2 protein chains.
Amino acid sequence: MTNLRKTSPAATPLASPVPTKDMLIGALLRVPAEAIHRRIIRELNAAGFSDLSLPHMAIFRFPGPDGARPGVLAQQAGMSKQAMNRLLGSLEDLGYLKRSNAPREGRARIVRLTRRGQAAFARAIHILRKIEREWNAELGPKDFALLKKLLCRVWESPLLQ
Amino acid sequence: MTNLRKTSPAATPLASPVPTKDMLIGALLRVPAEAIHRRIIRELNAAGFSDLSLPHMAIFRFPGPDGARPGVLAQQAGMSKQAMNRLLGSLEDLGYLKRSNAPREGRARIVRLTRRGQAAFARAIHILRKIEREWNAELGPKDFALLKKLLCRVWESPLLQ
DNA sequence: AAATATCGTAAACATAGTTTACCGTGGTCG
DNA sequence: CGACCACGGTAAACTATGTTTACGATATTT
(Lines give C-alpha, C1' and ligand atoms only; values in the text may rest on other atoms or scores of the structure.)
Protein backbone atom coordinates (compact mmCIF):
# COMPACT_ATOMS: atom_id res chain seq x y z
CA MET A 1 0.00 0.00 0.00
CA THR A 2 3.02 2.23 0.18
CA ASN A 3 3.60 3.54 -3.26
CA LEU A 4 6.24 1.22 -4.57
CA ARG A 5 7.80 1.58 -7.96
CA LYS A 6 5.05 1.47 -10.51
CA THR A 7 6.96 3.08 -13.29
CA SER A 8 9.53 1.65 -15.65
CA PRO A 9 12.88 3.41 -15.34
CA ALA A 10 15.24 3.49 -18.24
CA ALA A 11 16.35 -0.03 -18.94
CA THR A 12 18.64 -1.65 -21.39
CA PRO A 13 16.95 -1.67 -24.75
CA LEU A 14 15.00 -4.70 -25.73
CA ALA A 15 16.01 -6.63 -28.80
CA SER A 16 13.47 -6.42 -31.55
CA PRO A 17 11.56 -9.53 -32.52
CA VAL A 18 12.39 -9.21 -36.21
CA PRO A 19 14.72 -11.63 -37.98
CA THR A 20 18.23 -10.29 -38.29
CA LYS A 21 18.22 -11.05 -41.99
CA ASP A 22 16.07 -8.02 -42.67
CA MET A 23 18.07 -5.57 -40.64
CA LEU A 24 19.81 -2.62 -42.15
CA ILE A 25 23.28 -1.49 -41.33
CA GLY A 26 22.02 1.34 -39.13
CA ALA A 27 20.48 -0.89 -36.50
CA LEU A 28 23.21 -3.48 -36.83
CA LEU A 29 25.78 -0.91 -35.80
CA ARG A 30 23.70 1.17 -33.43
CA VAL A 31 22.42 -1.52 -31.12
CA PRO A 32 25.75 -3.11 -30.21
CA ALA A 33 27.38 0.30 -29.98
CA GLU A 34 24.76 1.42 -27.48
CA ALA A 35 25.00 -1.81 -25.54
CA ILE A 36 28.73 -1.33 -25.13
CA HIS A 37 28.24 2.28 -24.19
CA ARG A 38 25.77 1.47 -21.46
CA ARG A 39 27.83 -1.36 -20.13
CA ILE A 40 30.93 0.78 -19.80
CA ILE A 41 29.07 3.34 -17.75
CA ARG A 42 27.47 0.66 -15.63
CA GLU A 43 30.75 -1.03 -14.83
CA LEU A 44 32.54 2.27 -14.37
CA ASN A 45 29.89 3.26 -11.84
CA ALA A 46 30.29 -0.06 -10.08
CA ALA A 47 34.05 0.31 -10.01
CA GLY A 48 34.04 3.34 -7.76
CA PHE A 49 33.39 6.03 -10.34
CA SER A 50 29.74 6.40 -9.53
CA ASP A 51 29.74 10.12 -10.22
CA LEU A 52 30.36 9.58 -13.92
CA SER A 53 27.30 9.69 -16.11
CA LEU A 54 26.51 9.08 -19.73
CA PRO A 55 27.47 12.43 -21.18
CA HIS A 56 30.85 12.28 -19.49
CA MET A 57 31.65 9.46 -21.83
CA ALA A 58 32.03 12.03 -24.58
CA ILE A 59 35.33 12.80 -22.87
CA PHE A 60 36.45 9.48 -21.47
CA ARG A 61 36.64 7.91 -24.83
CA PHE A 62 38.87 6.86 -27.44
CA PRO A 63 42.06 8.83 -27.62
CA GLY A 64 41.36 10.30 -24.21
CA PRO A 65 41.37 13.98 -23.33
CA ASP A 66 44.80 14.21 -21.76
CA GLY A 67 46.81 17.00 -23.30
CA ALA A 68 44.00 18.02 -25.64
CA ARG A 69 42.42 21.40 -26.04
CA PRO A 70 38.76 21.97 -25.25
CA GLY A 71 37.82 23.10 -28.72
CA VAL A 72 39.30 20.01 -30.31
CA LEU A 73 37.51 17.77 -27.86
CA ALA A 74 34.26 19.53 -28.71
CA GLN A 75 34.80 18.93 -32.39
CA GLN A 76 35.67 15.28 -31.87
CA ALA A 77 32.57 14.80 -29.78
CA GLY A 78 30.39 16.62 -32.28
CA MET A 79 29.11 19.19 -29.81
CA SER A 80 29.53 22.90 -29.31
CA LYS A 81 32.55 24.26 -27.50
CA GLN A 82 30.26 25.61 -24.82
CA ALA A 83 28.66 22.27 -24.11
CA MET A 84 32.07 20.62 -23.97
CA ASN A 85 33.27 23.30 -21.64
CA ARG A 86 30.38 22.62 -19.32
CA LEU A 87 31.27 18.94 -19.31
CA LEU A 88 34.90 19.75 -18.62
CA GLY A 89 33.86 22.02 -15.78
CA SER A 90 31.74 19.27 -14.31
CA LEU A 91 34.59 16.77 -14.52
CA GLU A 92 36.94 19.33 -13.05
CA ASP A 93 34.61 19.79 -10.10
CA LEU A 94 34.50 16.04 -9.65
CA GLY A 95 38.27 15.90 -9.59
CA TYR A 96 38.85 14.02 -12.81
CA LEU A 97 40.81 16.65 -14.66
CA LYS A 98 42.01 20.19 -14.61
CA ARG A 99 42.40 22.86 -17.22
CA SER A 100 45.56 24.87 -17.29
CA ASN A 101 46.91 27.50 -19.62
CA ALA A 102 48.86 26.32 -22.57
CA PRO A 103 52.49 27.40 -22.66
CA ARG A 104 53.25 30.11 -25.23
CA GLU A 105 49.63 30.56 -26.19
CA GLY A 106 47.63 32.83 -23.98
CA ARG A 107 44.19 32.00 -25.22
CA ALA A 108 44.55 28.23 -25.45
CA ARG A 109 44.02 25.85 -22.58
CA ILE A 110 45.12 22.31 -21.99
CA VAL A 111 43.18 19.51 -20.36
CA ARG A 112 45.12 17.36 -17.95
CA LEU A 113 43.75 14.25 -16.30
CA THR A 114 44.29 14.01 -12.59
CA ARG A 115 45.34 10.74 -11.04
CA ARG A 116 41.68 9.88 -10.55
CA GLY A 117 40.94 10.80 -14.12
CA GLN A 118 43.71 8.56 -15.34
CA ALA A 119 42.36 5.76 -13.20
CA ALA A 120 38.88 6.15 -14.65
CA PHE A 121 40.16 6.26 -18.19
CA ALA A 122 42.34 3.21 -17.62
CA ARG A 123 39.35 1.45 -16.18
CA ALA A 124 37.25 2.25 -19.22
CA ILE A 125 39.95 0.80 -21.45
CA HIS A 126 40.08 -2.24 -19.21
CA ILE A 127 36.35 -2.80 -19.53
CA LEU A 128 36.53 -2.42 -23.27
CA ARG A 129 39.30 -4.98 -23.47
CA LYS A 130 37.19 -7.34 -21.43
CA ILE A 131 34.33 -6.85 -23.88
CA GLU A 132 36.71 -7.52 -26.74
CA ARG A 133 37.76 -10.80 -25.15
CA GLU A 134 34.12 -11.81 -24.85
CA TRP A 135 33.44 -11.01 -28.47
CA ASN A 136 36.58 -12.81 -29.42
CA ALA A 137 35.43 -15.92 -27.60
CA GLU A 138 31.94 -15.73 -29.05
CA LEU A 139 32.81 -15.07 -32.66
CA GLY A 140 36.13 -16.82 -32.73
CA PRO A 141 39.46 -15.00 -33.08
CA LYS A 142 39.46 -15.06 -36.84
CA ASP A 143 36.00 -13.62 -37.34
CA PHE A 144 36.42 -11.06 -34.62
CA ALA A 145 39.63 -9.83 -36.18
CA LEU A 146 37.86 -9.76 -39.50
CA LEU A 147 35.01 -7.69 -38.08
CA LYS A 148 37.44 -5.16 -36.66
CA LYS A 149 39.37 -5.02 -39.89
CA LEU A 150 36.23 -4.34 -41.89
CA LEU A 151 35.20 -1.60 -39.48
CA CYS A 152 38.66 -0.09 -39.80
CA ARG A 153 38.22 0.00 -43.54
CA VAL A 154 34.96 1.86 -43.07
CA TRP A 155 36.74 4.26 -40.79
CA GLU A 156 39.48 4.96 -43.27
CA SER A 157 37.08 5.31 -46.16
CA PRO A 158 35.25 8.50 -47.07
CA LEU A 159 31.97 6.94 -45.97
CA LEU A 160 31.82 8.75 -42.65
CA GLN A 161 30.90 12.29 -43.50
CA MET B 1 31.11 44.59 -37.26
CA THR B 2 27.68 43.13 -36.83
CA ASN B 3 28.03 40.24 -34.48
CA LEU B 4 28.46 37.37 -36.84
CA ARG B 5 28.77 33.78 -35.77
CA LYS B 6 31.71 33.51 -33.43
CA THR B 7 30.71 30.27 -31.87
CA SER B 8 31.02 26.73 -33.09
CA PRO B 9 27.67 25.04 -33.35
CA ALA B 10 27.40 21.31 -33.16
CA ALA B 11 29.18 19.85 -36.10
CA THR B 12 29.84 16.39 -37.35
CA PRO B 13 32.42 14.77 -35.15
CA LEU B 14 36.01 14.99 -36.19
CA ALA B 15 37.91 11.81 -36.83
CA SER B 16 40.62 11.21 -34.30
CA PRO B 17 44.22 11.39 -35.42
CA VAL B 18 45.12 8.00 -34.01
CA PRO B 19 45.86 5.02 -36.25
CA THR B 20 42.89 2.74 -36.67
CA LYS B 21 45.00 -0.22 -35.69
CA ASP B 22 44.82 0.77 -32.06
CA MET B 23 41.12 1.34 -31.91
CA LEU B 24 38.85 -0.71 -29.75
CA ILE B 25 35.54 -2.12 -30.79
CA GLY B 26 33.63 0.58 -28.93
CA ALA B 27 34.80 3.43 -31.11
CA LEU B 28 34.81 1.30 -34.24
CA LEU B 29 31.08 0.73 -33.83
CA ARG B 30 30.06 4.01 -32.27
CA VAL B 31 31.50 6.42 -34.80
CA PRO B 32 29.94 4.95 -37.93
CA ALA B 33 26.67 4.39 -36.09
CA GLU B 34 26.55 8.05 -35.10
CA ALA B 35 27.52 9.18 -38.57
CA ILE B 36 24.62 7.23 -40.05
CA HIS B 37 22.28 8.55 -37.40
CA ARG B 38 23.13 12.16 -38.11
CA ARG B 39 22.94 11.70 -41.81
CA ILE B 40 19.48 10.19 -41.67
CA ILE B 41 18.15 13.13 -39.71
CA ARG B 42 19.88 15.58 -42.01
CA GLU B 43 18.42 14.03 -45.14
CA LEU B 44 15.03 13.53 -43.55
CA ASN B 45 14.96 17.21 -42.69
CA ALA B 46 15.94 18.10 -46.22
CA ALA B 47 13.25 15.82 -47.65
CA GLY B 48 10.37 17.81 -46.23
CA PHE B 49 10.31 16.40 -42.70
CA SER B 50 12.05 19.35 -41.15
CA ASP B 51 10.08 19.09 -37.93
CA LEU B 52 11.72 15.78 -37.03
CA SER B 53 14.62 16.03 -34.65
CA LEU B 54 17.19 13.68 -33.24
CA PRO B 55 15.18 12.19 -30.38
CA HIS B 56 12.33 11.36 -32.71
CA MET B 57 14.63 8.82 -34.29
CA ALA B 58 14.06 6.63 -31.26
CA ILE B 59 10.68 5.96 -32.83
CA PHE B 60 11.35 6.12 -36.55
CA ARG B 61 13.74 3.26 -36.45
CA PHE B 62 14.16 -0.27 -37.12
CA PRO B 63 10.98 -2.24 -36.89
CA GLY B 64 8.96 0.96 -36.90
CA PRO B 65 6.29 1.91 -34.36
CA ASP B 66 3.23 1.00 -36.38
CA GLY B 67 0.95 -1.26 -34.40
CA ALA B 68 3.21 -1.26 -31.36
CA ARG B 69 2.33 -0.35 -27.82
CA PRO B 70 3.96 2.63 -26.11
CA GLY B 71 5.50 0.59 -23.32
CA VAL B 72 7.16 -1.79 -25.73
CA LEU B 73 8.54 1.08 -27.75
CA ALA B 74 9.95 2.58 -24.56
CA GLN B 75 11.67 -0.65 -23.70
CA GLN B 76 13.10 -1.06 -27.18
CA ALA B 77 14.43 2.47 -27.09
CA GLY B 78 15.87 2.03 -23.60
CA MET B 79 13.97 4.92 -22.10
CA SER B 80 11.19 5.32 -19.56
CA LYS B 81 7.58 4.95 -20.58
CA GLN B 82 7.00 8.56 -19.65
CA ALA B 83 9.74 9.86 -21.91
CA MET B 84 8.50 7.71 -24.77
CA ASN B 85 5.02 8.96 -24.17
CA ARG B 86 6.21 12.52 -24.45
CA LEU B 87 7.88 11.70 -27.73
CA LEU B 88 4.73 10.03 -29.00
CA GLY B 89 2.69 13.04 -27.97
CA SER B 90 5.06 15.31 -29.83
CA LEU B 91 4.87 13.18 -32.96
CA GLU B 92 1.10 13.04 -32.62
CA ASP B 93 0.96 16.83 -32.49
CA LEU B 94 3.12 16.97 -35.60
CA GLY B 95 0.77 14.62 -37.37
CA TYR B 96 3.03 11.63 -37.75
CA LEU B 97 1.01 9.17 -35.72
CA LYS B 98 -1.97 8.70 -33.49
CA ARG B 99 -2.63 6.61 -30.44
CA SER B 100 -5.86 4.72 -30.20
CA ASN B 101 -7.26 2.25 -27.74
CA ALA B 102 -6.41 -1.36 -28.26
CA PRO B 103 -9.34 -3.63 -28.99
CA ARG B 104 -10.27 -6.01 -26.18
CA GLU B 105 -7.84 -4.50 -23.70
CA GLY B 106 -9.00 -1.41 -21.94
CA ARG B 107 -5.70 -0.24 -20.58
CA ALA B 108 -3.51 -0.81 -23.63
CA ARG B 109 -3.04 1.61 -26.48
CA ILE B 110 -1.83 1.17 -30.02
CA VAL B 111 0.37 3.44 -32.06
CA ARG B 112 -0.66 3.96 -35.65
CA LEU B 113 1.35 5.88 -38.22
CA THR B 114 -0.57 8.41 -40.24
CA ARG B 115 0.05 8.72 -43.94
CA ARG B 116 2.68 11.33 -43.23
CA GLY B 117 4.27 9.07 -40.64
CA GLN B 118 4.42 6.24 -43.11
CA ALA B 119 6.00 8.55 -45.65
CA ALA B 120 8.67 9.63 -43.17
CA PHE B 121 9.43 6.08 -42.15
CA ALA B 122 9.63 4.94 -45.75
CA ARG B 123 11.97 7.81 -46.44
CA ALA B 124 14.23 6.81 -43.57
CA ILE B 125 14.40 3.30 -44.96
CA HIS B 126 15.14 4.73 -48.37
CA ILE B 127 18.03 6.78 -47.00
CA LEU B 128 19.40 3.76 -45.21
CA ARG B 129 19.30 1.71 -48.36
CA LYS B 130 21.19 4.44 -50.15
CA ILE B 131 23.82 4.34 -47.43
CA GLU B 132 24.02 0.60 -47.80
CA ARG B 133 24.62 0.94 -51.52
CA GLU B 134 27.46 3.35 -50.81
CA TRP B 135 29.05 1.00 -48.32
CA ASN B 136 28.57 -1.82 -50.76
CA ALA B 137 30.40 0.11 -53.45
CA GLU B 138 33.20 1.16 -51.13
CA LEU B 139 33.88 -2.18 -49.45
CA GLY B 140 32.84 -4.42 -52.29
CA PRO B 141 29.74 -6.60 -52.20
CA LYS B 142 31.49 -9.55 -50.65
CA ASP B 143 33.06 -7.70 -47.76
CA PHE B 144 29.97 -5.65 -47.07
CA ALA B 145 27.85 -8.77 -46.90
CA LEU B 146 30.45 -10.27 -44.62
CA LEU B 147 30.35 -7.26 -42.33
CA LYS B 148 26.59 -7.47 -42.07
CA LYS B 149 26.73 -11.18 -41.44
CA LEU B 150 29.22 -10.76 -38.64
CA LEU B 151 27.11 -8.06 -37.05
CA CYS B 152 24.08 -10.34 -37.31
CA ARG B 153 26.01 -12.99 -35.43
CA VAL B 154 26.76 -10.48 -32.71
CA TRP B 155 23.10 -9.59 -32.60
CA GLU B 156 22.01 -13.20 -32.24
CA SER B 157 24.65 -13.95 -29.63
CA PRO B 158 24.24 -13.31 -25.91
CA LEU B 159 26.82 -10.53 -26.13
CA LEU B 160 24.31 -7.71 -26.09
CA GLN B 161 23.03 -7.53 -22.57
C1' DA C 1 47.94 50.71 -34.06
C1' DA C 2 43.51 49.23 -35.53
C1' DA C 3 40.71 45.79 -37.23
C1' DT C 4 39.66 41.10 -37.15
C1' DA C 5 39.78 36.23 -36.22
C1' DT C 6 40.28 32.63 -32.70
C1' DC C 7 39.95 30.20 -28.13
C1' DG C 8 37.62 29.85 -24.21
C1' DT C 9 33.92 31.14 -21.26
C1' DA C 10 29.39 32.52 -19.18
C1' DA C 11 24.44 33.25 -18.91
C1' DA C 12 19.82 32.70 -20.92
C1' DC C 13 17.04 29.66 -22.99
C1' DA C 14 15.10 25.31 -24.94
C1' DT C 15 14.78 20.56 -24.98
C1' DA C 16 14.41 16.06 -23.36
C1' DG C 17 14.88 12.80 -19.79
C1' DT C 18 14.02 10.87 -14.91
C1' DT C 19 11.46 10.99 -10.66
C1' DT C 20 7.25 11.14 -8.38
C1' DA C 21 2.49 10.48 -8.45
C1' DC C 22 -1.90 9.08 -10.22
C1' DC C 23 -5.95 6.97 -12.94
C1' DG C 24 -8.29 3.13 -14.91
C1' DT C 25 -8.36 -1.78 -16.18
C1' DG C 26 -7.74 -6.58 -15.31
C1' DG C 27 -6.50 -10.39 -12.69
C1' DT C 28 -6.23 -12.90 -8.08
C1' DC C 29 -7.59 -14.70 -3.93
C1' DG C 30 -9.77 -14.26 0.59
C1' DC D 1 -18.35 -11.05 -4.97
C1' DG D 2 -15.17 -7.63 -3.35
C1' DA D 3 -10.71 -6.13 -1.62
C1' DC D 4 -6.26 -6.01 -3.12
C1' DC D 5 -2.75 -5.42 -6.21
C1' DA D 6 -0.24 -5.57 -10.60
C1' DC D 7 0.00 -3.37 -15.06
C1' DG D 8 -0.35 -0.03 -18.99
C1' DG D 9 -0.54 4.58 -19.74
C1' DT D 10 -0.39 9.45 -18.46
C1' DA D 11 0.75 14.01 -16.29
C1' DA D 12 3.46 17.35 -13.71
C1' DA D 13 7.69 18.72 -11.29
C1' DC D 14 12.31 18.56 -11.43
C1' DT D 15 16.86 17.90 -13.42
C1' DA D 16 20.26 17.56 -16.76
C1' DT D 17 22.29 18.85 -20.90
C1' DG D 18 22.57 21.01 -25.14
C1' DT D 19 22.17 25.36 -28.32
C1' DT D 20 21.89 30.30 -28.84
C1' DT D 21 23.58 34.62 -27.77
C1' DA D 22 27.13 37.35 -26.02
C1' DC D 23 31.58 38.58 -24.34
C1' DG D 24 36.63 38.85 -22.75
C1' DA D 25 41.30 37.98 -23.83
C1' DT D 26 44.90 36.83 -26.97
C1' DA D 27 46.83 36.31 -31.44
C1' DT D 28 47.16 37.74 -36.29
C1' DT D 29 46.73 40.68 -40.16
C1' DT D 30 46.99 44.98 -42.59
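The views below are taken from a predicted model.

**View 1. Helix 1 of chain A packs against helix 1 of chain B.** The helices, residues 25-46 in each chain, meet at an angle of about 130°, and their axes are 8 Å apart. Helix 1 of chain A and helix 1 of chain B are therefore oblique to each other. Their crossing is left-handed.

**View 2. Residues at the contact of helix 1 of chain A with helix 1 of chain B.** Chain A contributes A:Gly26, A:Leu29, A:Arg30, A:Pro32, A:Ala33, A:Ile36 and A:His37. From chain B come B:Gly26, B:Leu29, B:Arg30, B:Pro32, B:Ala33, B:Ile36 and B:His37.

**View 3. The side of chain A that touches chain B.** Here 60 residues of chain A are in contact with 59 residues of chain B. Two or more residues each come from helix 1, helix 2 (70-77), helix 3 (81-93), helix 4 (115-139) and helix 5 (141-156) of chain A. Helix 1 of chain A gives the most, with twelve residues. The residues on this side of chain A divide into 36 nonpolar, 14 polar and ten charged.

**View 4. Chain A superposed on chain B.** A rotation of 180° with 0.0 Å of shift along its axis brings chain A onto chain B, with an RMSD of 0.1 Å. This is the relation of a two-fold axis. Of the interface residues of chain A, 98% are also interface residues in chain B, so the copies meet through the same surface.

Conventions:
Residues numbered from 1 in each chain as written. Chains lettered and ligands numbered in written order. Predicted model: local features only at pLDDT ≥ 70, side-chain atom pairs only at ≥ 80, totals over all residues. Axes fitted to C-alpha atoms, helices over the stretch in contact; angles between N-to-C directions. Helix = DSSP H or I, 4+ residues; strand = E, 2+ residues; numbered from the N terminus. Parallel < 35°, antiparallel > 145°, perpendicular 65-115°, else oblique. Left-handed = near helix turned anticlockwise from the far one by under 90°. Contact = placed C-beta atoms within 7 Å. Nonpolar A, V, L, I, M, F, W, Y, C, P; charged D, E, K, R; others polar. Least-squares fit on C-alpha atoms with pLDDT ≥ 70 in both.
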